Amino acid sequence: MQFAIMLSGQLDHPHHKIALRLCRQALDDGHQLNILFFTGDAVASGCKNTGSSNQADWQQLARDSGAELILCSRSADALGIHSEHVAPHYGLGGLALWIDASLTADRCLQFGGE
């Protein structure tokens with residue numbers, strides 16, 4: 001089964017750790033992760049200077065799964081995050097990437113809220 005995951009909200013909210021655990025379990029169970037799409041305040045997790053404790057975990061997940069870590073370009077722009085600020089294994093992309101991934105995934109999950 002292929003999953004597309006969207007994360008939003010504050011970085012320190014427990015839903016980010018829950019999403020990470022779910023993604024790990026999905027991989028362990030033989031499923032695939034197509035995309036991890038960060039929107040709203042969650043785009044800060046992909047910023048080089050954020051100091052996010054989850055950043056290394058998401059990067060390792062991307063290496064293990066081949067999933068794309070995409071920061072919503074509109075949200076990133078609103079927070080002043082540009083391509084030179086993006087950490088390794090993350091990329092900037094528009095909502096069209098999420099829509100495309102959600103159309104090809106078997107399941108779409110959203111974690112977060114403001």
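Biologist: Thanks! In S5, which residue is the bridge partner of Leu7?

Modeller: First, a note on the source: this is a predicted model, where local features need pLDDT of at least 70, side-chain atom pairs count only at pLDDT 80 or more, and totals for chains, interfaces and linings use all residues. Residues are numbered from 1 along each chain as its sequence is written, and side-chain values use heavy atoms, with hydrogens and water left out. Strand S1 (residues 2-7) pairs with S5 in the parallel sense over five bridges; strands are DSSP runs of E, at least two residues, helices are runs of H or I, at least four, both numbered from the N terminus, and two strands pair if DSSP finds at least two bridges between them. The bridge partner of Leu7 in S5 is Phe111.

Biologist: In what order do the five strands form the open sheet?

Modeller: The edge strands, each pairing on one side only, are S4 (90-93) and S5 (107-111). The pairing is parallel, and the order is S4-S3-S2-S1-S5.

Biologist: At about what angle to S2 does helix H2 run?

Modeller: Helix H2 (residues 55-65) lies across S1, S2 (32-38), S3 (68-72) and S4. Axes are lines fitted to C-alpha atoms, for helices over the stretch in contact (heavy atoms within 4.5 Å), and angles run from 0 to 180 degrees between N-to-C directions. Relative to S2, H2 runs at about 145 degrees.

Biologist: How are the planes of Phe38 and Trp58 arranged, and at what angle?

Modeller: Rings of Phe, Tyr and Trp (its six-membered ring) pair if their centres lie within 6.5 Å; planes under 30 degrees apart count as stacked, over 60 as edge-to-face and the rest as tilted. Phe38 is in strand S2 and Trp58 in helix H2, 20 residues apart. Their centres are 5.6 Å apart, and the pair is edge-to-face, at 85 degrees.

Biologist: Is Trp58 buried or exposed?

Modeller: Buried means under 20% relative accessible area, exposed over 50%, and partly exposed in between (1.4 Å probe, protein chains only). Trp58 has a relative accessible area of 0%, so Trp58 is buried.

Biologist: Which residue joins Phe38 and Trp58 in a cluster through ring pairs?

Modeller: This residue is in contact with Phe38, Trp58, Leu69 and Leu71, among others. Ring pairs link Phe38 and Trp58 into a cluster with Tyr90.

Notes. Lists of a residue's contacts leave out its neighbours within four places in sequence.
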